Amino acid sequence: MGNWKGFMNKGVVALLAALLVMSFVAPAPSYAAEGNTEIPKVVERTSPSVVAIIGKPSINSDKSLEKNRFNLAHGTGVIVESNGVIVTNAHVVKDMRNIIVVTSEGTTYNGHATNIDEESDLALVKIEASGLSPAKFASSSDIKVGETVAAIGTPISFALRNSVTVGIVSGIDRSVNSQYQLIQTDAAINPGNSGGALINMNGEVIGINTMKYAEFGVENLGFAIPIDTVKYVLKHFSLYGKVKRPYLGLELEDSWEAVVGLPSSTGLRVAYVDPGSPAAQAGIQQDDIFMSIGSHKVKTLVDYNEVLKNYLPGEKVDITIKSGSSDLAKSVTLGEAENKATKWTQDADGSYLDADRGKTRIGDSHFGWSMKYPAGLVKNHQSDDGDEVSFVDAKGEFSIMVQVENHQSDELSPSALLNKLTGGENGSYAGGNSTILERQYIKREVSPYAKVVSRSGDYGYIQTRGYLHAGRLYTVHLFVGKDHYNNNFKQNSYNDLLDSFKLSFNEKDDALKDISVFSNGNTTYKNEYGLSFDLPTSWQKSGSSFFKDDYSQTVQVRVTSVSSGDTLKAWVDRQRAQLEALYTPKYRNIHASEELMLAGVPALKVAYANTLGNKWTAGYSLFFIKEKYKYEVQFTYPKNEDETEIQGLLMTLTSSIQVDKADMDQELRYIQDLDELTDPNRTVVYQNDKYKYYLQIPEIWSSKSYDNKDQVNKTFLFTGGYFGVKADTKMSYEDLIKEQEAAQKKSHDNDNDYTYTSSDVTVFNDVNARQYVVTYVSAKIPYTETIYMFRQNNISYTVTLRIDEAVRTDANEKRLNKAFESMKFVVPSKN
């Protein structure tokens with residue numbers, strides 16, 4: 001599917017580049033001239049069955065593209081019924097609004113998508129027409145590698161409708177990021193060709209063009225959906241209004257051979273079994289090997305999907321699996337896979353492709369300005385707050401920018417305003433490398449302004465106008481290339497556009513387009529897992545975390561796969577147990593789970609609070625399971641926050657949470673929940689060769705990022721504490737004790753609340769050591785610190801075990817002590 005974004009002449013640039021390449025490269029072989037003189041006749045017969053499709057793509061996160069009349073997408077379609085039924089690619093029309101269909105002779109129709117099947121990448125578009133020329137379909141069994149074919153479509157630009165490229169069938173039964181087999185061809189398939197016809201020399205459609213493999217150095221590698229798959233999908237659309245796919249409830253994985261393209265000698269590994277699914281009821285388990293369906297052997301995922309085309313939901317099939325060393329036959333009654341409902345989306349502006357039809361002025365209602373809106377003016381960029389917006393001319397002759405600065409004095413003198421625009425006596429907006437040609441203050445009764453015209457060797461000509469109004473500075477910049485500024489006629493049109501700038505916005509003017517993006521409301525966020533929810537517009541996003549502008553409130557999202565047999569309650573119970581194990585009862589508060597509905601499924605809400613002693617953090621965790629994934633949305637805030645604000649935000653969040661399978665990344669697979677595998681008591685060996693010791697450290701502890709393997713100070717962190725080892729090869733043990741004793745005494749003298757005890761102890765069975773036990777409250781966080789000092793192999797060691805009272809559970813203390821007790825020392829070799 002082609003996209004028209006930014007400058008409209010980029011397609012022309014691409015064409016010029018192509019012409020340039022043709023000037024220096026020997027012409028490619030002509031199939032028409034050398035291979036088949038019948039090609040023009042075949043194309044002439046077939047072209048009336050191919051149409052061009054254009055529309056507006058769905059609005060994305062780039063606000064500058066919203067309502068941009070030049071932000072268009074296009075593709076191609078093939079007429080399958082004379083009354084206006086057209087087949088195309090699902091990716092062409094899935095997110096397209098205000099669809100326009102243009103036939104080969106130039107007749108234009110409004111259209112809409114009636115059926116969409118993303119799995120096959122096929123869709124139907126309907127127009128109100130009659131007497132059209134439907135295409136003739138071939139059979140996939142008649143397709144031969146090496147036969148001449150032609151691709152008809154709309155490449156690069158909508159102006160190139162019904163373009164024809166010729167090539168051969170390079171291969172069949174291909175699998176390239178697709179659910180079904182594809183035809184490979186060297187006929188050029190470019191952006192915009194999607195949905196067009198791949199025809200043989202009988203004028204029959206053998207496939208629907210779907211994609212081109214684009215990578216540097218790779219040419220003539222296009223793919224089409226075989227006509228038998230097209231027929232299969234069209235039949236289901238006709239009978240059921242959708243493709244009724246069988247459902248087994250399995251997630252399968254290709255073998256290594258299949259992934260790299262080798263012939264696979266094994267079947268498909270069962271990576272996941274959906275609880276309660278037909279496969280689960282038949283006893284199929286994770287890690288079984290899926291071998292065949294009926295009499296059809298299955299060695300790849302594409303094989304699997306192709307075989308399932310022969311069955312309907314409700315039918316009983318025999319499946320062969322390998323479980324361990326045994327081959328088992330299973331009888332399974334197929335379920336039905338879910339299908340996304342098709343929605344026909346129109347613009348609020350109606351069915352017009354040009355959303356700005358009838359608009360002759362443009363402006364911002366929030367900042368209160370407006371100006372003329374020529375047909376060729378394209379909004380290029382707009383800041384998130386709308387205080388800066390730029391436009392470009394569709395022909396690339398000029399650009400214009402409007403900037404608004406708040407908190408400006410209306411009493412600024414004309415000279416000060418001019419100086420502000422130029423950046424000094426000889427400066428300019430162009431960066432000081434330009435010549436000022438004109439600088440004056442234009443006095444008039446309404447909206448006087450400062451005007452500066454300069455010429456730059458890099459930018460051409462720049463005219464800047466500055467207006468002061470209601471505490472704001474409005475700056476309008478016009479950038480014009482050298483070749484156009486000296487044209488008097490065009491210069492008059494540029495000045496007319498600048499003169500039309502007004503410090504007002506008439507909301508009753510239907511011809512005035514409002515581009516304001518200012519909002520006091522909410523913003524909808526979406527992620528790759530199909531999850532969407534609303535948060536205040538002022539919030540910031542970083543990865544899977546969201547923050548209030550002062551960082552006091554956060555929302556975090558975690559998505560993992562559901563393991564076989566897991567349930568919502570069991571999952572939430574595990575999460576509750578984790579928090580209970582982390583904090584002692586005095587420093588945590590966990591409420592009972594509350595049932596609610598989120599994203600149309602049962603969910604659980606858990607309110608909690610915890611602290612290390614200084615201030616409490618409260619929060620709500622929202623848990624639900626949908627589409628084989630576990631979703632946890634966690635909202636945290638200071639416990640003393642205004643309860644009305646918190647409940648209002650929680651209501652916004654819970655009422656807006658949705659999961660749309662169609663928005664999920666198609667490459668999503670099984671995502672292991674690491675909590676299910678984590679053993680808090682599992683240890684790993686840390687060895688410091690330089691300082692001759694090693695020890696067993698809990699795997700869940702983390703090391704400071706700047707620590708290297710043999711650093712003199714090594715620290716391991718966990719929530720509310722740390723374990724540290726310091727080695728000293730220079731200071732004697734006695735001096736080390738004296739230094740530590742002095743430091744402890746000084747801390748106590750400075751603050752009587754700082755208490756410590758010291759004693760001589762034996763560690764590691766036979767090593768004499770000095771032990772210090774410190775208790776103190778630092779930054780309102782009470783903690784206990786145990787310090788061991790001893791000497792081994794002529795190295796003095798200081799080992800610190802620090803734990804906050806909030807996390808001083810039996811389990812945490814046991815892990816700390818066990819780590820210390822595991823410490824071993826490397827005995828120096830004797831020469």
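## Confidence of the model

What is the mean pLDDT of the chain, and what percentage of its residues reach 70 or more? The mean pLDDT (the predictor's confidence in each residue, from 0 to 100) is 85, and 88% of the residues reach 70 or more. Over residues 1–35 the pLDDT stays under 50, and for this stretch the model has 47 contacts (heavy atoms within 4.5 Å) beyond four places in sequence. Residues 425–431 also have a pLDDT below 50, with 17 contacts in the model beyond near neighbours in sequence.

This is a predicted model, in which local features need pLDDT of at least 70 and side-chain atom pairs count only at pLDDT 80 or more, while totals for chains, interfaces and linings use all residues. Residues are numbered from 1 along each chain as its sequence is written, and side-chain values use heavy atoms, with hydrogens and water left out.

## Aromatic pairs

A search of the whole structure finds 30 aromatic pairs, where rings of Phe, Tyr and Trp (its six-membered ring) pair if their centres lie within 6.5 Å, and planes under 30 degrees apart count as stacked, over 60 as edge-to-face and the rest as tilted. Trp701 and Phe718 form a stacked pair, at 5.1 Å centre to centre with 20° between the planes.

Tyr788 counts as buried because its relative accessible area is 12%, and Phe820 because its value is 6%. Ring pairs also link Tyr788 and Phe820 into a cluster whose members include Tyr686, Phe764 and Phe825.

## Charges over rings

The charged end of Lys639 sits over the ring of Trp616, 4.5 Å from its centre, the criterion being NZ of Lys or CZ of Arg within 6 Å of the ring centre and within 35 degrees of the ring normal. Arg802 lies over the face of Tyr783, at 3.5 Å from the ring centre.

## Surroundings of Ser759

Ser759 is found in strand β49 (residues 755–763) and counts as partly exposed because its relative accessibility is 30%. Leaving aside neighbours within four places in sequence, Ser759 is in contact with Ala769, Arg770 and Gln771.

Key. Helices (H or I, at least four residues) and strands (E, at least two) are DSSP runs, numbered from the N terminus. Buried means under 20% relative accessible area, exposed over 50%, partly exposed in between (1.4 Å probe, protein chains only).
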